Amino acid sequence: FSYSLYLVTNSYLSKYRDEIMKFHLLFTLPLTTTAFISTPFHHATNTRSSSLFMSGVTRNPNFAKLAGGYLFPEIGRRRTAYIEANPDMADRIISLGIGDTTQPIPEHILSGLVTGASQLGTKEGYTGYGAEQGKAPLREKIAEVLYDGLIASDEVFVSDGAKCDIMRIQQMFGPGVVSAVQDPSYPVYVDTSVMMGQTGTQDEETKQYENIVYMPCRAPDFFPDLESLPKADVVYFCSPNNPTGVAATKEQLTSLVKMCKERGSILVFDAAYAPFIRSPDVPKSIFEIEGAKEVAIECNSFSKYAGFTGVRLGWTVVPADLKFADGTPVRNDFTRVMTTAFNGASNVVQEGGLACLDPEGMKEINTLIDYYLENANMLRETMIGLGYDVYGGTDAPYIFVDVGRSSWDVFSEILEKAQLVTIPGAGFGPGGDTFLSLSAFASR
């Protein structure tokens, strides 16, 4: 399998082989334990001694429930271990294993960042703390350009990214809710639920946590059977989906909003890959669905729009019509979270966001998206040519490949024999165990 994949992949990429860039995964050093060496001074003897010291603070038991490490650092760890064992192969590594952009920030968008930085060097342009919810002009432009007036600017909360906002949303809901997640799904939804104390322990056999509703999403459309699901207080749904690369249709999202309204659930809609949508029947925002403003929160980010994965800028929309059971507007509590635990996105970065939403910036964004979608099509055709069932890659920068056996085993085999880094579907939940996810964020 791996040798065939290597040959066929290179048949598509050979003319770009000399231009392929190494991909740099973010990986972390193992955390130190709570034990450390203390060397107190003893005044009586003026001598120094060492002793093993631990604090008297009890560890948060919810963190003890987390199983293993976070997916992408684990991929990075295995990649690093392979290179250390095979240093002569380091230059041959091609990474399809993380959704990190690789193309430079385009000229007009970059000029916004430069302007934002330059202003800080002048008396007239200098700014300090800003509004925690974001600059008013950026909030207005997001509502106007990306939502065509479907939402109001005061419903937009500008942030440092959608991933961070998921945790802030979890902090707002607290430990007393039941969350529902797609299976497979982006691991942040599950891990933050565990950290917040919403769950029990993980079942060793099913690899699922107690008190989370897992919504089985299976081929070919990867949309759950909503009627068969138990009620959840908060429903996390990502479309276009990471990792499957499949986007929900308007009809499917209408049924999802209907279910949430009937059950009194709040829908947290992750639309981070909305700019990749090309199919006319696929909404780019949940607020295109009638009634969604009464049940939904939407998270989004400039990371994939404009190559801001390292720049960090996102937003969350919390409609004024969305209320808790006691009638309190959800927006009020999210405002409290943002104003208490966040000082606002960088002044410099918000200027870059404004440039993104200029006509010139939107044109540059579309060029970037087309580049990555071409990559996705190349990967999709490669895997189809190898005879595999392939999903996604048309409205998203990911393809999902059914390899028919343990995805971690296939990950290791391809890395060792073909020097390709992929994403094991098992890292997204039990439903992904026999799939590989391939990222199209590569350089050609």
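This is a predicted model: local features need pLDDT of at least 70, side-chain atom pairs count only at pLDDT 80 or more; totals for chains, interfaces and linings use all residues.
User: Which loop holds proline 220?

Analyst: Proline 220 sits in the loop between S8 and strand S9 (234-238).

User: And where does proline 240 lie?

Analyst: Proline 240 is in the loop between S9 and helix H8 (250-263).

User: Back to the S8 to S9 loop. What is the phi of phenylalanine 222?

Analyst: Phi there is positive, about 55°, although phenylalanine 222 is not a glycine. This residue lies in the loop between S8 and S9.

User: Is phenylalanine 222 buried or exposed?

Analyst: Phenylalanine 222 counts as buried, because its relative accessibility is 5% and the cut-off for buried is under 20%.

User: What about arginine 312, what is its phi?

Analyst: Near 75°, which is again a positive value in a residue other than glycine. Arginine 312 is placed in the loop between H9 and S12. Its relative accessibility is 29%, so arginine 312 counts as partly exposed.

User: Phenylalanine 308 next. Where is it found?

Analyst: In the loop between helix H9 (303-306) and strand S12 (314-317). Phenylalanine 308 has a relative accessible area of 0%, so it is buried.

User: How far is phenylalanine 308 from aspartate 100, in sequence and in space?

Analyst: The two are 208 residues apart in sequence. In space, their C-alpha atoms are 9.4 Å apart.

User: Changing topic. What does the side chain of serine 185 reach?

Analyst: The backbone oxygen of glutamine 182, at 2.8 Å. Serine 185 belongs to the loop between strand S7 (179-183) and H7.

User: Buried or exposed, that serine 185?

Analyst: Buried: the relative accessible area of serine 185 is 2%.

User: Last one, the surface. Which residues gather in the patch of negative charge?

Analyst: Asp203, Glu204, Glu205 and Glu210.

User: Where is aspartate 203 placed?

Analyst: Aspartate 203 is in the loop between helix H7 (188-195) and strand S8 (212-216).

User: Why does aspartate 203 count as partly exposed?

Analyst: Because its relative accessible area is 36%, and partly exposed runs between the buried cut-off of under 20% and the exposed cut-off of over 50%.

Note on methods
Residues are numbered from 1 along each chain as its sequence is written. Side-chain values use heavy atoms; hydrogens and water are left out. Patches are made of residues with over 30% relative accessible area and no salt bridge: like charges are joined within 9 Å, nonpolar side chains (Val, Leu, Ile, Met, Phe, Trp, Tyr) within 5 Å. Accessible areas come from the Shrake-Rupley method with a 1.4 Å probe; for residues, only the protein chains shown count as cover. A salt bridge is a side-chain nitrogen of Lys or Arg within 4 Å of a carboxyl oxygen of Asp or Glu. Lys and Arg count as positive and Asp and Glu as negative; His and the chain ends are not counted. The place of a charge is taken as NZ of Lys, CZ of Arg, CG of Asp or CD of Glu. Helices (H or I, at least four residues) and strands (E, at least two) are DSSP runs, numbered from the N terminus. Buried means under 20% relative accessible area, exposed over 50%, partly exposed in between (1.4 Å probe, protein chains only). A polar contact is a pair of N or O atoms within 3.5 Å; within protein, one must be able to donate a hydrogen and the other to accept it, and residues adjacent in sequence count only if both atoms are side-chain atoms.
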